[in-house]
Amino acid sequence: MQDYSELGARIAALTEGETDTVALMATVVCELHHSDDRFDWTGFYRATEPEVLKIGPYQGGHGCLVIPYSRGVCGAAARTGEVQIVDDVDAFPGHIACSATTRSEIVLPVRNSGGDIIGVLDIDSDRPAAFGPADAEGLGRILSDVFARPRS
Ligand code: SME
């Protein structure tokens with residue numbers, strides 16, 4: 001069982017005082033990816049222009065470079081502002097397969113301190129139905145602690 005509180009405390013210590021979004025994303029991805037055998041691809045997509053996501057820091061195999069808000073699990077999370085837990089990617093209409101081995105996925109919107117969506121966190125697993133509500137809650141807390149904290 002993943003201990004998201006312990007993971008969150010480690011990430012908070014590693015990112016203390018840092019305000020650069022790419023530096024924060026790179027550190028969060030590294031710690032998440034190496035914390036759990038279920039995580040086969042871990043990465044951020046950034047909202048670089050209206051209705052467009054562009055790849056950010058990631059770990060794992062190749063990641064697609066650009067995703068419109070109208071497509072994929074990532075697009076759905078950015079468009080709706082809602083966490084997407086997909087037990088079977090083949091059953092998700094419009095799923096974008098960057099890797100042929102992915103079976104399930106979780107995608108969370110990332111918000112800044114103003115509540116604006118600045119991107120999404122995408123985690124893929126080669127196992128079916130790898131993610132659940134505890135993951136959404138634990139990952140969501142880490143994202144708000146790091147990206148929604150007031151910037152002095
Ligand atoms: N599967 C995602 C695309 C990104 S790859 O998983 C890295 C999607 O459907 O949006």
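Select cysteine 30 and show its sulfur. In this predicted model, the closest cysteine sulfur belongs to cysteine 74 and lies 20 Å away, which is too far for a bond. Cysteine 30 is partly exposed, at a relative accessible area of 27%.

Next, select cysteine 74. Its closest cysteine sulfur is that of cysteine 98, at 7.5 Å. A disulfide needs the two sulfur atoms within 2.5 Å, so the 7.5 Å between cysteine 74 and cysteine 98 is too far for a bond. Is cysteine 74 buried or exposed? With a relative accessible area of 4%, cysteine 74 is buried.

A disulfide is a covalent bond between the sulfur atoms of two cysteines. Which parts of the chain does the pair link? Distant ones: cysteine 64 sits in the loop between strand E2 (52-59) and strand E3 (66-68), while cysteine 98 sits in the loop between strand E4 (84-86) and strand E5 (104-111). The two cysteines are 34 residues apart.

Stay on this pair and look along the S-S bond. The angle about the bond is -125 degrees, and the link of cysteine 64 and cysteine 98 is left-handed.

Cysteine 64 has a relative accessible area of 16% and is buried. Cysteine 98, at 29% relative accessibility, counts as partly exposed.

To finish, show the whole structure.

Methods
Residues numbered from 1 in each chain as written. Predicted model: local features only at pLDDT ≥ 70, side-chain atom pairs only at ≥ 80, totals over all residues. Heavy atoms only, no water. Helix = DSSP H or I, 4+ residues; strand = E, 2+ residues; numbered from the N terminus. Buried < 20%, exposed > 50% of the residue type's maximum accessible area, 1.4 Å probe, protein only.
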